[in-house]
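Open the model in your viewer and get ready to pick out some rings. We'll go stop by stop through the aromatic side chains.

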Amino acid sequence: RWFEQVPARAEPASGRAAAGAPLRVRLADPPAGAGRRAWPATSPSAREGGGRITGAELLAVAGGDARTRGLVFHDWFQRVGFVDEPGGVPPDEQLRTRARHRAPGLADRVLDDWLHRFREALAKPGLRSLLQRAGARDLWLERAFALREDGRLLQGRFDRVALWHDHALRVDFKTDTAGPSRGDHYLPQVDTYRRALCALLALPPAAIEARLVFVAMGEVLRL
């Protein structure tokens, strides 16, 4: 086989897995006469929206406060473990430090307001239940992966994956606004992440649940 599967079962985590520990897979040597460049690299994000970028999205990238707030919230959510366990949510001072790193000129009153909104979002029942342990044996935060798919090297990073013995829940944090069409927009990306988890965990597609969290308002979309 072209790679060594990451073990499907891991030791239970006490609360949250260390961020930055990548899922390593070893690729087989390419065919004789071919180099590693024969495997073009791609990522799940490249398949977002079916590979199309709208004019509105290009303008959003260059946006101001809303864009900055989305990036800060995204960073905060990526550091949340299991919210029903001690230490599952970082303290305000740690969140302030992260925000200052993302937006050095942020005014204190604005940061105070964002922290309040972030705590309000975490208190929403739908989002809070999504971030609880609920019997999960492990949690991946910001976990990188790489595998070969359809002649390409697929590389990406999972925002959050909660693991049980027979299924997994992947949560992806989004900085844009939720809406009726957003599910369709992200579906190609979600399907790519699902296939990656199926390969890495030796689970069927039906065992991989997916949720999108739109961080500005703490809204959850099931896919």
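**Ring tour**

There are eleven aromatic pairs in this structure; rings of Phe, Tyr and Trp (its six-membered ring) pair if their centres lie within 6.5 Å, with planes under 30 degrees apart called stacked, over 60 edge-to-face and the rest tilted. You're looking at a predicted model, where local features need pLDDT of at least 70, side-chain atom pairs count only at pLDDT 80 or more, and totals for chains, interfaces and linings use all residues. Residues are numbered from 1 along each chain as its sequence is written, and side-chain values use heavy atoms, with hydrogens and water left out.

Select F145 and Y193 to start. Their ring centres are 6.2 Å apart and the planes sit at 65°, so this pair is edge-to-face. F145 belongs to strand β2 (residues 138-149) and Y193 to helix α6 (residues 182-201), so the pair ties together parts 48 residues apart in sequence. Helices (H or I, at least four residues) and strands (E, at least two) are DSSP runs, numbered from the N terminus.

Now colour by accessibility. F145 is buried at 3% relative accessible area, and Y193 is buried at 4%; buried means under 20%, exposed over 50%, partly exposed in between (1.4 Å probe, protein chains only).

Last stop: select F73, W76, F77, W114, F118 and F173, a cluster linked by ring pairs.
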